[in-house]
Structures are given as structure tokens and as C-alpha cells.
Amino acid sequence: MKYDVILIGAGPGGIFAAYELMKKKSSLKVAVFEAGHALDKRSCPIDGEKIKSCIHCKSCSIMQGFGGAGAFSDGKYNITNDFGGTLYEHIGRKKALELMNYVDSINLSHGGEGTKLYSTAGTAFKKKCMQNRLHLLDASVRHLGTDINYVVLEKLYAELKDKVDFYFDTKVERIEVQDEGASYRVFFSGEAGKTISEGYADGKFCVISVGRSGSKWMESICEDLKLKTLSNRVDIGVRVELPAEIFSDITDELYEGKIVYRTQLYEDKVRTFCMNPHGIVVSENTNGIVTVNGHSFEDENKKTDNTNFALLVAKHFTAPFEDSNGYGESIARLSNMLGGGVIVQRLGDLERGRRTNQKRIDESFVRPTLKATPGDLSLVLPKRILDSIIEMLHALDKVAPGTANEDTLIYGVEVKFYNMEVVLDENLETEYRNLFCIGDGSGVTHSLSHASASGVYVADLIAER
Ligand SMILES: Cc1cc2nc3c(=O)[nH]c(=O)nc-3n(C[C@H](O)[C@H](O)[C@H](O)COP(=O)(O)OP(=O)(O)OC[C@H]3O[C@@H](n4cnc5c(N)ncnc54)[C@H](O)[C@@H]3O)c2cc1C
């Protein structure tokens, strides 16, 4: 089977690349190979009753399938160069913002109209943060919400499905460079075999967009094709849950405040991440390791009384240690070993050095939105990380009084794994001509807006070529 363009992965990067190719050059024959299911088949079997924990499905419906890791996410598209990736280092700040705004316009025309765009421009909260050693990052945030985000994906798929060949439940196993880059042969396993009996397909252009779930696979491809890589980082922390009123000054105006703090004790940077006003705390499974995350909804009926957000400490490692993700995984495994999954602790108990038990949770004024195991996070998180998190909670208490209350719930652990970064040029192209790497799988982006923008960018370039 011969294609003009082969896209590997149908997350935001792959979807927006396909969408842009369809718009800019509909004559191109495009295929998308996706290891996970089609959107309507994506469903995690954990129901909290019959199936309580991960049963290690062949493809994880939370992280894989049409929509990628972002399909059930809160759908926060941050339009900024301040965080979410370093796309601007490759394509320039102006272009990156232009493309993120373009992606926003596509989301709006596919079901996102009417959703709110929040902005930090002119907020008095910035000054309040500075006066308390906190730094508020600049951004505009389109909040689709988990429900509308899904609708947008449904509409995009409806528009794409007759113009692009989608092969779901099909994992690309390896890529072979043909005739020094004249074309790329992708060998796959799975459902596509029913249509393409050879077990491979050729594309003049190949765009790899395998996201975080494809990080290990990406490493093997880099080894195979001798692609140069960089980086050694992991972010480790907790998810904080408290009554929504405590953060309402911030969330009503900004929806999400990305706040960075440098600790006095170690001069380590701690940052807030993924704020979910009136949201829920959820557990997440990455390669069999259960970590914590958060969601929120636009639908009034689904809103809770609580707000949650992550506090993360970035760990950069230097030689001889190379396996930063392995380090993060080990810490998450430790919490899984002690708690059977996610552990929850009251801040008051954590600071007193005692375990939270079910009785203390029941007596707490904050009702947890995730059924996690009450426990002791000091047995899981390294002291330096825990000290930094507690210090930041007290700093936040000055701008949002009540943050460091005894009943504030701390869930652990939250780990943000980073893909190693593939060395790419200003076209997001590898050392091989017409072999591109985009989205989180490239290590260049870590967010919906940057990943989507990278897809549009490469699609435009391919259409031109
Ligand atoms: C619970 C959760 C909430 C989030 N919330 C937000 C948010 O609100 N805002 C935000 O900006 N970001 C959020 N993120 C991060 C965001 O989802 C990612 O940054 C984004 O999805 C990256 O897009 P991508 O296309 O690069 O990769 P992904 O979305 O990870 O998609 C990659 C796809 O490639 C497929 N794949 C992998 N390997 C192969 C292979 N070998 N063959 C075929 N297919 C393969 C995978 O199955 C997957 O579907 C969230 C993430 C999670 C998990």
C-alpha cells in the first residue's frame, strides 16, 4: 500500500496534521496508524465495582486511541510560549502563537464555540503573587472541558474519516528508510493486517506523533534509525484538593493559574499544574503504574465542591544517571506498593508525621472526589520533594488563604514523565528528509495546544513540498 503521507498516532498532533493536510492538499493520500481504538470504542474497564484496578488492556483506552492522551482530558488549550513545550525554539514564538490560535479557531468551529477563553493579561493577581515570592506565568487558556473536548474530537473524526485512511488497533512496530529517504516503510501489527496483507505500508512522507504512551517505542526507533536525542527530566509531586472557594479568586478570573515558586530551603522550583476548578481527582495508568491526575467539566451537573491541582517539582539528572523516567516510575511504584494505587493524606497528618486513616478522612471537612487509600506520603516521596511541596502550599496560603488548612487533601503521586527529546531542525524534521517527529513524542511539546500546533506546522510544510 502506497501513501503520500503516513501519520503514526492519532493524538492531537496526528489529528491536526491530518486535518490540515485535508484542508491544504486534499489530493494527498494520507494514512493514520493508531495503536489504540477508534474514539467510540475507547472505554476504560475500571468501574470501581467489578473492576477496581488496571487489568492491563492491550491498548489503554485512557491514553491511546483517536484523541490520544488528551481525549478524556480537561481540554485546556493553553495559548502561550511560557509553558506546554518548547515548540517556539524550533519555529519561532510568533509562528507558534499563530498556530495555537489557529488550532483554537478549529476547535471553536467543531463544537467549542461558547467555551470560555481565560487570560492573565492585566490581572491584579500577578502582583499579589510577586509580593509573596510566587510567579504567575502569562497565558490565554481555552477551557473546553472534558465533555466538549470529546464533542470536538467526534466532529473532527466525522470530517476526516472519509478522506483519510484510519487504521485503528494497529501498532507501528518499526520504520524502514527506503532509498536514503525517498520513502518510509512502516511495519505494523494489528487490525490493519486485514486490509493490507503485506504487513507494511510505504509513505513518501512519514510523521511520527506517538505521544507519551509511545515514549519507549520512540526510544527504540531512535536507536534503530540512529536519531540523536537529548534530555533527562521528570516532574514528581502530588495533587492537592481543597474546597473550590479557597481558590475561587484565581479560578474565576483565570480558570487556571500557572504559578511557579522557588523554595527558600533548597531553591528548587515548584509549580502548579493542571488546575481543575470544581473538578474531580482521577487515577491514571501509564504502563501499569497508577498515578493521580485531575479532570473538570463544563457541564454544571458534573461540577463538584472541590478544586484540584498538581504541585510538581522538576528533577533534572546529570551523568552517570540517565533514566529519569525510571526514577519517577520507581516512586510511583512505591506508592502503588503501599496503597495499592493512589494514596491520599490530609495535610495536617502529613505535617504531623502521621498516617491518614479512613476515620480521619471521614471526619475531614474536605470530601475526597477520588476513592484513594488513606496513607502516609512521607514514606513515598523523597524528603526534598516533600519539603518543597509543603513550603509551596504555605506560600500559596498567602495568596489563597486556606490552602494550607489541615484538611487539605494531598494525593500521591503525580508524575509527569517527559519523552527524551529527538534532535529536530526548524522544520521538526529528523536527519532524514521527509521524516518528521511532532507532539509529545518528539519531546518538544507537552500539551494539547503545542502538540496540535506542531501537527499543523508539519502538514503545511508537507503540502508545500
Ligand atoms: C489525563 C490527562 C489530562 C491532560 N490534560 C491536559 C490539558 O488539559 N491540557 C493540555 O494541554 N494537556 C493535557 N494533557 C496532555 C495532553 O493530553 C498531551 O500533551 C497531548 O495529548 C499530546 O498529544 P500527542 O498527539 O503528541 O500525543 P498523544 O495524545 O499521546 O497521542 C499519541 C497517540 O499515538 C499512539 N501511538 C503510540 N505509539 C504508537 C505506535 N507505535 N503505533 C501507532 N500508534 C501509536 C497512541 O496510542 C496515542 O493515541 C493531559 C494528559 C492526560 C493523560
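Visitor: How many residues surround the ligand, and which are the closest?

Guide: In this predicted model, 42 residues surround the ligand, and the closest are G9, G11, G68, G211 and G439. By class, the shell has twelve nonpolar, 23 polar and seven charged residues.

Visitor: Which helices and strands each supply at least two residues of that shell?

Guide: They are α1 (12-24), β3 (76-79), β8 (170-178) and α12 (448-464).

Visitor: How should I read two packed helices?

Guide: Two packed helices are described by the angle between their axes and the distance between the axes. Take helix α3 (residues 93-112) and α5: their axes come within 8 Å and cross at roughly 95°. An angle of 65 to 115 degrees counts as roughly perpendicular, and α3 and α5 are therefore roughly perpendicular to each other.

Visitor: Which residues make the contact of α3 with α5?

Guide: From α3 come N107, H110, G111 and G112, and from α5 come I148, V151, V152, K155 and L156. By class, this contact has four nonpolar, four polar and one charged residues.

Visitor: And how do I read a sheet?

Guide: Strands of a sheet pair through backbone hydrogen bonds, either parallel or antiparallel. Here an open sheet of eight strands has mixed pairing and the order β5-β13-β14-β17-β12-β20-β18-β19. Its edge strands, β5 (134-136) and β19 (373-374), each pair on one side only.

Visitor: How many bridges join β18 to β19?

Guide: Two bridges join strand β18 (residues 343-346) to β19, and these strands run parallel. I343 stands opposite T373 in β19.

Visitor: Which strands do helices α7 and α11 lie across?

Guide: Helix α7 (residues 244-254) lies across β12 (233-243), β14 (269-276) and β17 (306-316), at about 115° to β12. Helix α11 (residues 383-399) lies across β5, β12, β13 (259-262), β14 and β17, running at about 135° to β17.

Notes. Residues are numbered from 1 along each chain as its sequence is written. This is a predicted model: local features need pLDDT of at least 70, side-chain atom pairs count only at pLDDT 80 or more; totals for chains, interfaces and linings use all residues. A residue is near a molecule or strand if its C-beta atom, placed from the backbone, lies within 6 Å of it. Helices (H or I, at least four residues) and strands (E, at least two) are DSSP runs, numbered from the N terminus. Ala, Val, Leu, Ile, Met, Phe, Trp, Tyr, Cys and Pro count as nonpolar, Asp, Glu, Lys and Arg as charged, and the others, Gly among them, as polar. Two strands pair if DSSP finds at least two bridges between them. Two residues are in contact if their C-beta atoms, placed from the backbone, lie within 7 Å. Axes are lines fitted to C-alpha atoms, for helices over the stretch in contact, and angles run from 0 to 180 degrees between N-to-C directions. Angles under 35 degrees count as roughly parallel, over 145 as roughly antiparallel, 65 to 115 as roughly perpendicular and the rest as oblique.
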